[in-house]
Amino acid sequence: SSPANIMNLALPNKTAQQWAITACLICGLLLTSALFFEFVMGLAPCPLCMMQRLWFALAGIITYLGLLHNPRWGIYAMLTIVAAAVGAYFSVRHLWLQSLPEDQVPACGPPLQYMLEAFSLSDVLIEMTRGTGDCAKAAWSLLGITLPGWALLGFVAVIGCGVMQLRAGLAR
């Protein structure tokens, strides 16, 4: 058995369009989950949570545009992979902040709504990419995995779908 045969057995032989639809569904499910946590469970998103939402939305939009145009074109899959990789970076940064000892956690910043009203856009973006002490608090977990951990798994899944979409598009 060659590695290529093993990979064909392990992964379903989907079309580029099916992989793109799967990536869109993952992005949509995770964005819907984020809204559920915010509005139903009352968990206010920190700046890094908002960055992760932004990158899920961007990855989903890129994938959707690819579906509308031509999901076999590699540029859409590549851009989806890049967007998900950037989002994964913010998930890793968020997990890192959560892992810091309490004496090393950065100070909590003002709420995002206040920053949007009082700060320049560049200052808001800097704060959103750094994270604040608010980001270090794990507000919820399932199976010992906090929200940024689940987001990271989602980004990895979207990257995987993008890679498989690219592979399927090239195999046409």
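Is the crossing of α3 and α4 left-handed or right-handed? It is left-handed, taking that to mean that the near helix is turned anticlockwise from the far one by less than a right angle, with clockwise giving right-handed.

1. Ground rules. This is a predicted model, with local features needing pLDDT of at least 70 and side-chain atom pairs counting only at pLDDT 80 or more, while totals for chains, interfaces and linings use all residues. Residues are numbered from 1 along each chain as its sequence is written, and side-chain values use heavy atoms, with hydrogens and water left out.

2. α3 against α4. The two axes come within 9 Å and cross at roughly 165° (axes are lines fitted to C-alpha atoms, for helices over the stretch in contact, and angles run from 0 to 180 degrees between N-to-C directions). The pair is therefore roughly antiparallel, the label for angles over 145 degrees. Helices here are DSSP runs of H or I with at least four residues, numbered from the N terminus. On the α3 side the residues involved include L48, Q52, W55 and L58, and those they meet in α4 include A83, G87, F90 and S91.

3. α2 against α3. Here the axes are 9 Å apart and the packing angle is about 150°, so α2 and α3 also come out as roughly antiparallel. Their crossing is left-handed.

4. Q52 deserves a look. This glutamine lies in α3, which covers residues 47–69, and Q52 is buried at a relative accessible area of 4% (buried means under 20%, using a 1.4 Å probe and protein chains only). Its side chain reaches the backbone oxygen of L48 at 3.0 Å, and a polar contact of 2.8 Å joins it to the side chain of S91. For a polar contact, read a pair of N or O atoms within 3.5 Å; within protein, one must be able to donate a hydrogen and the other to accept it, and residues adjacent in sequence count only if both atoms are side-chain atoms. Leaving out residues up to four places away in sequence, Q52 touches G87, F90, S91, H94, P148, A151 and F155, with contact meaning heavy atoms within 4.5 Å.

5. The core. The largest nonpolar core has 23 residues, and W55, F56, F155 and V158 have the most contacts inside it. Elements giving it two or more residues are α2 (16–39), α3, α4 (74–99) and α7 (147–170). Such a core is a set of buried Ala, Val, Leu, Ile, Met, Phe, Trp, Tyr and Cys residues joined through side-chain atoms within 4.5 Å.

Methods: Buried < 20%, exposed > 50% of the residue type's maximum accessible area, 1.4 Å probe, protein only. Parallel < 35°, antiparallel > 145°, perpendicular 65-115°, else oblique.
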